[in-house]
Every structure is written in structure tokens, then in C-alpha cells.
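Thanks for making the time this morning. Please bring the model up on your screens, and I will talk you through a few parts of it.

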Amino acid sequence: MGDVAELRVTRTAARANVRPMRHALRSFLEALELAPDTIDDVLTAVGEALANAVEHAYVDGAAGSVELYARAEGDAGLEIDVRDSGTYIERSARVGRGFGLRIARAIARNVEIDRSRGTRVRLSFDVIQRRRHIRAVK
Amino acid sequence: MSTDSSVAVIALSGELDVGRADEVARALELPSRTTPVLLDLSDVSYADSTVISALFHFSEKATAANTRVAVLIVKPQLIRLLEYAGLGEAFPVFRERSAALTYLLQNG
């Protein structure tokens with residue numbers, strides 16, 4: 001078992017906040033020394049979950065919050081949760097929504113969606129510990 | 001959009017995510033004339049499915065209008081995004097500007 005690295009970022013659910021959350025995740029993944037293509041892939045998958053979350057996270061018409069939680073632990077892999085506080089409603093379809101989940105599933109080893117309290121999307125990525133380097137594999 | 005003698009160029013740059021969805025949708029308008037369109041995404045550093053879907057709709061409009069479109073993509077993230085979306089073969093994608101222009105200006 002290696003060291004555990006964690007990142008937690010919470011923002012108001014707004015389309016403009018997806019970008020700073022993604023940037024925070026990029027810094028976290030770069031600190032793990034993942035391969036550049038792996039970082040791009042993880043950001044692509046998580047970006048889709050964030051894009052959906054900012055549109056779900058509404059409670060009684062007011063913007064709620066979106067939380068990004070990432071956890072990397074040695075050989076146990078990389079697990080990223082995107083959680084919103086809203087009740088799941090099919091809002092007027094954002095352009096691109098139809099492709100989002102397909103893209104996330106194509107990249108992550110597993111995508112699990114829990115809609116019991118708000119929506120939590122858990123994306124799991126396999127990683128291989130190579131000395132100081134951790135690389136995700138499909 | 002800029003237009004030289006025979007090809008209209010639509011260029012987008014930077015990080016194209018859901019936060020710029022409206023801007024992307026506005027940018028992807030067909031030219032009024034039936035001019036081939038080079039969609040230049042070579043300076044796009046990141047894209048999400050917002051762009052994929054906008055591309056998809058743009059391509060449909062172009063086909064209906066009998067307008068030829070070429071997409072210029074340099075960054076691997078965007079190439080792979082198309083593949084993950086199952087659209088790796090859906091658009092004429094080029095990595096070299098000269099190849100895209102040759103495709104747009106060929107007869108037929």
C-alpha cells in the first residue's frame with residue numbers, strides 16, 4: 001500500500017465553474033506524475049461528469065453545489081467522485097449530454113451512478129505503480 | 001469566420017467546455033454561400049462533448065446544404081475524444097492544414 005493522495009473541491013453549480021475544477025484536478029494528477037495522455041483522458045472523463053453535475057445541481061430552482069473528490073492510493077487505483085446536491089431532473093438538454101456518459105465509460109474502468117441523495121458519479125481508473133510513476137491503463 | 005477566395009475558415013481556440021457552449025454554438029454557423037468550410041480546431045487545448053455535439057449538428061447542416069467541411073485537429077485529446085464518443089470516422093478530420101485544404105478544393 002502506498003501513500004494516499006486526496007483532493008476535494010466544492011463549487012457552486014455553474015457552467016463556468018467546470019473549468020477551475022478541472023484545472024484543480026489537473027494539478028493533482030500532475031503531482032501524481034501520471035503520463036500526459038492519461039491525465040488528458042481522466043480530465044476528459046471527469047469533465048463530462050462535471051458538465052452533467054452543474055446542470056443537475058438545482059434545489060427548488062436555485063443553484064446548489066458540485067463537489068469533486070479524488071483519491072489515489074498506490075496500487076488501489078484512482079477513484080474520482082463527482083457529487084451534486086440536486087434532485088435529478090432531465091433539464092432542457094445541454095448540447096452534448098448524449099455523448100457525455102458514453103465518453104466517460106469509454107475511458108474509465110467503471111462508472112457508477114448513485115441517485116439516492118443528489119447524484120454521485122464515481123469513476124474508477126486502473127493505475128499501475130511504477131516506482132515513482134503511476135500510469136493508468138485501460 | 002474569415003473567408004479567403006474559396007474556403008471559409010471557422011477557428012476556435014483554447015478550452016472548449018460546457019462553460020463556452022453558447023459561444024461554440026454561435027461560431028458554428030454555415031456560411032451563406034455554398035463555400036467549403038475549414039473548421040480549424042488546431043488551437044483547441046481541451047474539448048468536451050459540448051463540442052462533439054456541436055460538430056455533429058454542424059456536419060448535418062453542412063451535408064443538407066451540400067457544403068463540404070474539413071476539421072483540422074492537432075491535439076491528441078480531441079482526436080481521442082471523438083474516438084471515445086464513437087465518432088472517430090464521422091467527420092473528415094485532418095492533422096495538416098494543407099491536406100484539409102486539398103480535400104476541400106478537390107472536385108466533386
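At what angle do helix α1 and helix α2 of chain A pack, and how far apart are their axes? Before I answer, this is a predicted model, in which local features need pLDDT of at least 70 and side-chain atom pairs count only at pLDDT 80 or more, while totals for chains, interfaces and linings use all residues. Residues are numbered from 1 along each chain as its sequence is written, and chains are lettered from A and ligands numbered from 1 in the order in which they are written.

Helix α1 (residues 18-31) and helix α2 (residues 36-56) of chain A pack at about 150°, with axes 10 Å apart, the axes being lines fitted to C-alpha atoms over the stretch in contact and the angles running from 0 to 180 degrees between N-to-C directions. Because of that angle, α1(A) is roughly antiparallel to α2(A), a term used for angles over 145 degrees.

As to confidence, chain A averages a pLDDT of 84, on the predictor's scale from 0 to 100 for each residue, and 80% of the residues score at least 70. Within chain A, the highest mean belongs to α1(A), at 96, and the lowest to strand β8 (residues 133-137), at 51. Over residues 129-134 of chain A, pLDDT stays under 50, and for that stretch the model has 13 contacts beyond four places in sequence.

Finally, 19 residues of chain B are in contact with 22 residues of chain A.

Note on methods. Contact = placed C-beta atoms within 7 Å. Helix = DSSP H or I, 4+ residues; strand = E, 2+ residues; numbered from the N terminus. Parallel < 35°, antiparallel > 145°, perpendicular 65-115°, else oblique.
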